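Please keep the sequence and the structure in view while reading.

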Number of protein chains: 2
Amino acid sequence: MKSQNQTPSTDTLKDRTHERLQELILTGDLVPGSKLLETQVAARLDVSRATLREAMIRLSEIGLLVNLPFRGTYIRKLDRVDLQEIYSFRTGLEKMAFQFGWDKRDLISLADLQMRNERLCQTISDNDAFGAIMAELHLHDWCYELSGHSLLLQSWERLKPNLQFYFAMHQKAHDRAGPLRESHDEYIRLAKGDNLDEMLRHLEDHMQQGLQNTQSFLDTTSPG
Amino acid sequence: MKSQNQTPSTDTLKDRTHERLQELILTGDLVPGSKLLETQVAARLDVSRATLREAMIRLSEIGLLVNLPFRGTYIRKLDRVDLQEIYSFRTGLEKMAFQFGWDKRDLISLADLQMRNERLCQTISDNDAFGAIMAELHLHDWCYELSGHSLLLQSWERLKPNLQFYFAMHQKAHDRAGPLRESHDEYIRLAKGDNLDEMLRHLEDHMQQGLQNTQSFLDTTSPG
DNA sequence: GAGATCAATATTGTCGACAATATTATTAAT
DNA sequence: ATTAATAATATTGTCGACAATATTGATCTC
């Protein structure tokens, strides 16, 4: 009667703990810069310390947590320079993605892109701030999936939570803070077009604009 | 009398285990594709399973190990497509590094570059294959350090062990397999010059050549 | 009263044992 | 003899306890 190795048990407690802890960080439930007490967090998530520690390692690798041996693990702090690095690196990655994927575009994938943009516009119209963040990231996922480059995709998947972190903090600060409705119009237009260089050049602008938007709230919040 | 928090205990057993295990993989002591039995490896390294597991997670994140939940952890396999991805991604990263660092070059850093190249030539002359691998990687470290971009550097540090892995396997296959003595002459010349575009274009060729060299042995070894 | 020295507490690092799952060996049925 | 079902074994996942280190608090000296 058991499903046996039909479903080969892909879910470990460690993985679920990883997910839930990331959620807690991205929600802002755990405040940036604060120390994470293993016993306390383990109790809150109802897992053992060993399991929690395994989950935390991956978040430390990504950069959402910072681990100091024997000293403790801290939530990443908001920092202007870090944010700039995230964006400049992201720009480079996304340019790579478009270069790798440019010739792989077809009607199906372009229709997919169109859909992702429409979903983004929808969430913005609905005033669903969190949904808009997720929808924007999902829109940008497109080029990485298109590229068919697993290392590139992995790298983006590692970077994404950090972006999401800043987005969430931004959103938490002033609560009308998501992307603008027409912010991706040019992006989509060029992605559908046939001029790669123009697309790459636009990416710089697009990212710069995104950085400005996200960066703005850092002045008001943390003076350092 | 105790040094106290003068030296804030940066060394954990987990970290040393991580290093040693990576060493074992890169030496080819643990054969590609083979399964890693936790009890066995833990005994060999004289650490507990919990400690070993924490060390393995980081190696899995990098890609040197592949973890299947409840099934086990395996040494990465040699694969032609993977190697191509490593190289194409590396090309993109290194182009980024040169773009970020181009204006930061000065006499000191260029002298540093020169020294790294000389050391590489020296190890090649000495027929020190392993040393040559390390020296070549260290030469390429230069541009990432120059860029001053921590995310970019991190990304390179993650990719590097995988390259080293293929280099080591190559070297193990036919044992005269390191980089050629003059392979970096053009690279150095352009890095010292004032034409970024030319440098970037050369990078493509340089990497393509490196790929060809490293890739060659895959045919003879593993047919798949 | 400020600063240093040492004890007490809290927190992280490491370990060995148990539980859950997968793999292998055995048996039974056709 | 081949395949399916089941028992036995091996391996990974998870836990609670102990050891090592850091942090806090108290005591002492000047």
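The questions and answers below concern a predicted model.

Q: Into which domains is chain A divided by the domain assignment?
A: The model is predicted, and the bounds come from a domain assignment. That assignment gives two entries for chain A: domain 1 (10–75) and domain 2 (80–219).

Q: What area do domain 1 of chain A and domain 2 of chain A bury between them?
A: The C-alpha centres of the two domains of chain A lie 27 Å apart. Their contact involves 10 residues of domain 1 and eight residues of domain 2. Carbon and sulfur atoms account for 70% of the buried area, which is about 790 Å².

Q: Which three residues supply 55% of the area that domain 1 of chain A buries against domain 2 of chain A?
A: The count of salt bridges between domain 1 of chain A and domain 2 of chain A is zero. On the side of domain 1, three residues supply more of the buried area than any other three: A:L26, A:I62 and A:L64.

Q: How are helices α1 and α2 of chain A oriented: roughly parallel or roughly perpendicular?
A: Helix α1 (residues 13–26) and helix α2 (residues 38–45) of chain A have axes 11 Å apart and pack at an angle of about 105°. Angles of 65 to 115 degrees count as roughly perpendicular. The orientation of α1(A) to α2(A) is therefore roughly perpendicular.

Q: How many nonpolar residues does the contact of α1(A) with α2(A) have?
A: From α1(A), the contact uses A:T17, A:R20, A:L21 and A:L24, while α2(A) contributes A:V41, A:R44 and A:L45. By class, one residue is polar, two are charged, and the number of nonpolar residues is four.

Q: Which residues of α3(A) make the contact with α2(A)?
A: α2(A) and α3(A) pack at an angle of about 100°, and their axes are 9 Å apart. The two helices are therefore roughly perpendicular to each other. On the α2(A) side the contact is made by A:E38, A:T39, A:V41, A:A42 and A:L45, and on the α3(A) side by A:R49, A:L52, A:R53 and A:M56.

Q: How many residues apart in sequence are the parts that the pair A:R58 and A:D15 ties together?
A: The side chains of A:R58 and A:D15 meet in a salt bridge, with an N to O distance of 2.8 Å. A:R58 lies in helix α3 (residues 49–62) of chain A and A:D15 in helix α1 of chain A, so the parts tied together are apart in sequence by 43 residues.

Q: Which residues of chain A lose the most area to chain B?
A: The contact between the chains takes 28 residues from chain A and 28 residues from chain B. The buried area is about 2700 Å², with 58% from carbon and sulfur atoms. Together, 22% of what the chain A side buries comes from A:E61, A:E85 and A:F89.

Q: How many salt bridges does the rule find across the interface of chain A and chain B?
A: Over all chains, the structure holds 29 salt bridges. The side chains of A:E54 and B:R53 meet in a salt bridge at 2.9 Å, N to O. Across the interface of chain A and chain B, the number of salt bridges found is four.

Definitions and conventions:
Residues are numbered from 1 along each chain as its sequence is written. Chains are lettered from A and ligands numbered from 1 in the order in which they are written. This is a predicted model: local features need pLDDT of at least 70, side-chain atom pairs count only at pLDDT 80 or more; totals for chains, interfaces and linings use all residues. Side-chain values use heavy atoms; hydrogens and water are left out. Axes are lines fitted to C-alpha atoms, for helices over the stretch in contact, and angles run from 0 to 180 degrees between N-to-C directions. Helices (H or I, at least four residues) and strands (E, at least two) are DSSP runs, numbered from the N terminus. Angles under 35 degrees count as roughly parallel, over 145 as roughly antiparallel, 65 to 115 as roughly perpendicular and the rest as oblique. Contact means heavy atoms within 4.5 Å. Ala, Val, Leu, Ile, Met, Phe, Trp, Tyr, Cys and Pro count as nonpolar, Asp, Glu, Lys and Arg as charged, and the others, Gly among them, as polar. Buried area is the accessible area (1.4 Å probe) that two parts lose on being put together, summed over both.
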